[in-house]
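Subject: Structure handover

Hello,

Here is the structure you asked for, with the sequence. My notes on it follow below.

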Amino acid sequence: MAEFSWNLRSPLEKALVPGAHGARGEAGVSLTEVRNFDLIQVMARRGKAAEMGKAAKVRFGVAAPDAPKAVQVSDVTLIWSGPDQFFVLSKGDKHTMQILAPTFSDPASLSDQSHARALISISGIKARTMLAKLSSIDLHPDTFPIGAAAATSMDHTSVTLWRGNDRADGQSVFNVLVFATFADSLWHTMLDSAAEYGVAINHSEELA
């Protein structure tokens, strides 16, 4: 019997070229792909949303978001992904399927999305302006503050978008989860949209 082995690689491995792109000078937009993360989708079984919420609070110490929000605690971010469901985003195998299964086995179903999505972090003084070209969401700080989230689309591609904590220099940070099969297309669209502001391209192993 033939033996198979899987080689894990980023869906942006070929498209992402670290360095500068577009207009010269100080980059107005930073695009960073975050690699090697754990992403579990938790979906309540019928009639068990409240029970799922209680289990989440016991496990993470905070309530799971029941509205378009992202909640960040010490080693995990809980991101609303739709009614009665949310993502668990983490690093370092701390919240994998095997670890979460005992907590949620009765009230919810789990789905490992770690290798099904690409995670792109967008920041910089022109980040909001660039995203306004691609998204119909109003990203003004008054309407999309830190912790706000949305299940929306960018350039006809479904994404989960949320605003993380600001960078040390005060710049806003937006995070986008996109299906791996669409990541290459959306990445190039982002590059085209940001080129006039100058783009700093990188990848990271750290969550924003």
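Predicted model: local features only at pLDDT ≥ 70, side-chain atom pairs only at ≥ 80, totals over all residues.

If neighbours within four places in sequence are set aside, Asp 166 is in contact with Ile 146, Gln 171, Ser 172 and Val 173.

Most residues other than glycine have a negative phi. Asp 84 has a positive one, near 60°, and His 156 has a positive one near 65°. Asp 84 is in the loop between E5 and E6, and at 46% relative accessibility it counts as partly exposed. His 156 is in the loop between strand E9 (149-154) and E10. With a relative accessible area of 80%, His 156 is exposed.

Next, the open sheet. It is formed by 5 strands in the order E4-E5-E6-E3-E7, and the pairing is antiparallel. Which strands stand at the edges? They are strand E4 (70-73) and strand E7 (108-112); each has a single partner strand, so one side of each is left without a neighbour in the sheet. Ignoring direction, neighbouring strands here are turned by 20° against each other on average. E4 pairs with strand E5 (residues 76-82) in the antiparallel sense over 4 bridges, and Gln 72 stands opposite Thr 77 in E5.

Two helices pack on this sheet. Helix H1 (residues 49-60) touches strand E3 (38-44), E4, E5, E6 and E7, and its direction makes about 15° with that of E6. H2 touches E3, E6 and E7, and its direction makes about 170° with that of E7.

The aromatic pairs come to 3 by count. One of them joins Phe 86 and Phe 104 in an edge-to-face arrangement, 6.4 Å centre to centre with 70° between the planes. Phe 86 is part of strand E6 (residues 85-90) and Phe 104 is part of helix H2 (residues 97-104), so this pair ties together parts that are 18 residues apart in sequence. Both Phe 86 and Phe 104 are buried. Ring pairs also bring in Phe 60, giving a cluster of Phe 60, Phe 86 and Phe 104.

How many residues of strand E2 (residues 29-34) are buried? The count is 6 of 6, and the strand is mostly covered. Val 29, Leu 31 and Glu 33 point one way from E2, while Ser 30, Thr 32 and Val 34 point the other way. E2 pairs with strand E12 (residues 199-204) in the parallel sense over 6 bridges, where Val 34 stands opposite Ser 204. E2 is also joined to strand E8 (residues 117-123) by 5 bridges, and these two strands run antiparallel. In that pairing, Ser 30 stands opposite Ser 123 in E8.

For E8, 7 of the 7 residues are buried, so the strand is largely enclosed by the rest of the structure. Arg 117, Leu 119, Ser 121 and Ser 123 are on one side of E8, with Ala 118, Ile 120 and Ile 122 on the other, and both faces are covered. E8 pairs with E11 as well, in the antiparallel sense over 7 bridges, and Ala 118 stands opposite Val 178 in E11. Arg 117 has a further feature: its charged end sits over the ring of Phe 179, 3.9 Å from the ring centre.

Regards

Definitions and conventions: Residues numbered from 1 in each chain as written. Heavy atoms only, no water. Phe/Tyr/Trp six-rings, centres within 6.5 Å; stacked < 30°, edge-to-face > 60°. Buried < 20%, exposed > 50% of the residue type's maximum accessible area, 1.4 Å probe, protein only. Lys NZ or Arg CZ within 6 Å of the ring centre and 35° of its normal. Pairing = 2+ DSSP bridges. Axes fitted to C-alpha atoms, helices over the stretch in contact; angles between N-to-C directions. Contact = heavy atoms within 4.5 Å.
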